[in-house]
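These are my notebook entries on one structure.

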Amino acid sequence: MIDEVAIAFDSKDYHTAAKLLKQLLKESPDNPWVQFYVGRLHEVSKKRQDAEKVYRQLLRTTTNAKIITLARQGLQRLQEIEQEERQRAIFQATADPNNTDIGILILEPLNNELKTAAAQKFAKIMQLDPYTARLVLPSRGWRLYRTGAIGELKFYGEQLRKAEIPCFWARIADIQKIQVFQVKHFQESTTKATVVCRNQLNTLGSLTFDWSEVKATVVGLLPIFEEVVDLNARRKLERKTQTQDYAQFCDLHLPGRSCILRLYDNGYEFDQGVEITPQISQSTIRINWNSLVNWIEQQLPTVKLWSDFTPFGETVLDQTEMLGQIQSHIHLFRREKTNWDPAFHLYSGLIFVKGNG
């Protein structure tokens, strides 16, 4: 009867093949030829996942060389169909000119106990091996996974979300649109606050807002590099760049005004405006800064504080081309440019657009 099944498949008479296989499954369900044609029936019925399971099971259990070859060919056909559909879907996703803007795809953290199952799904969607996929999926903080046309990233992101792999995507252009005001000091604060600040044209002015307008607070450390002279392994003097200190930043997000209020420790005028720390002249900048951040947190007890910039920054530092498109709005004195500055603005900007997406 298995020959009759083969003849039915050759003539594309799948109705007859299905009837014959139904009977054969009752008589000899473990026969590898029966199982192979069950897989073929799933394949022609477009039940690809079922077909793949059968073919892979045959590769694990049978020693028949002919069936092994046919099962491998079946898997190859399934992969080619999937690849063609993927390319077609990506082409459609990027056909609209609005979907060709440069964007980024961010992976959000997963619990370790969920990683094994998620890595299998991630590997299939992104066409990776499971070991690499598991290494890519983050356990703590965000990880920038891919840059490219926003339409393509959205296509992949939607597939990942269906597989319960948390992620999001954003346009670089949306981050570039955010206005950033450099805060010099808080002039006053009650239910409303007024800050003295400089806009992007470096014009000094003031801005008054309700504390309720602040929807997120972002803090981060940016390294300060200095050139130092040190002894190398041969006991000779050499110049090298080292991290000597860190500048502390705090962003307040006001999405209703499409702006960020940015404060940093050496740029804040602690001796002006609202008294944050008594006896300020006797305190170090670090003590004053910690007092300022604590005071801001007291004004915003229910607003989320984002503080995972450093591990995120480490995943994006090598993305020089993409970071080169981002104006950092960081005004630290630097002898040489560093990708840490646009990386912080990217992190803060992603939180801004994600919260308002």
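I looked up C197 and found it buried, at 4% relative accessibility. I use buried for under 20% relative accessible area, exposed for over 50% and partly exposed for in between, with a 1.4 Å probe and protein chains only. This is a predicted model, in which local features need pLDDT of at least 70 and side-chain atom pairs count only at pLDDT 80 or more, while totals for chains, interfaces and linings use all residues. Residues are numbered from 1 along each chain as its sequence is written, and side-chain values use heavy atoms, with hydrogens and water left out.

I then counted disulfides (a pair of cysteine sulfur atoms within 2.5 Å) and got zero. C197 is in no disulfide, its nearest cysteine sulfur being that of C259 at 8.4 Å.

Salt bridges came next. My criterion was a side-chain nitrogen of Lys or Arg within 4 Å of a carboxyl oxygen of Asp or Glu. The count is 15 salt bridges. One of them joins E108 and K354, with the closest N and O atoms 3.5 Å apart. E108 lies in the loop between β1 (102–107) and α6 and K354 in helix α13 (residues 340–355), so this pair ties together parts 246 residues apart in sequence. I noted E108 as buried at 17% relative accessibility and K354 as partly exposed at 36%.

K192 is partly exposed at 42% relative accessibility, and D210 is partly exposed at 25%.

D174 and K177 form another salt bridge, with the closest N and O atoms 3.5 Å apart. D174 is partly exposed at 29%, whereas K177 is exposed at 61%. I also found R40, E43 and R77 linked in a network of salt bridges.

Which residues are closest to the centre of the largest pocket? I first noted its space, about 960 Å³. Of its 24 lining residues, Q49, E52, E82, K124 and I125 are the closest to the centre. A pocket here is an open set of points on a 1 Å grid over the protein atoms alone, where a 1.4 Å probe fits, with protein on both sides within 12 Å along at least five of seven lines; lining residues have an atom within 4 Å of a point. The volume is the space filled by probe spheres set on the points. At least two lining residues each come from α4 (48–61), α5 (65–93), α6 (112–126) and α8 (150–162). α5 gives the most, seven residues.

Last, the whole chain. I list 13 helices and ten strands. Its C-alpha atoms fill a box of roughly 95 × 60 × 35 Å along the principal axes. Buried residues make up 42% of the 357 residues.

Methods: Helix = DSSP H or I, 4+ residues; strand = E, 2+ residues; numbered from the N terminus.
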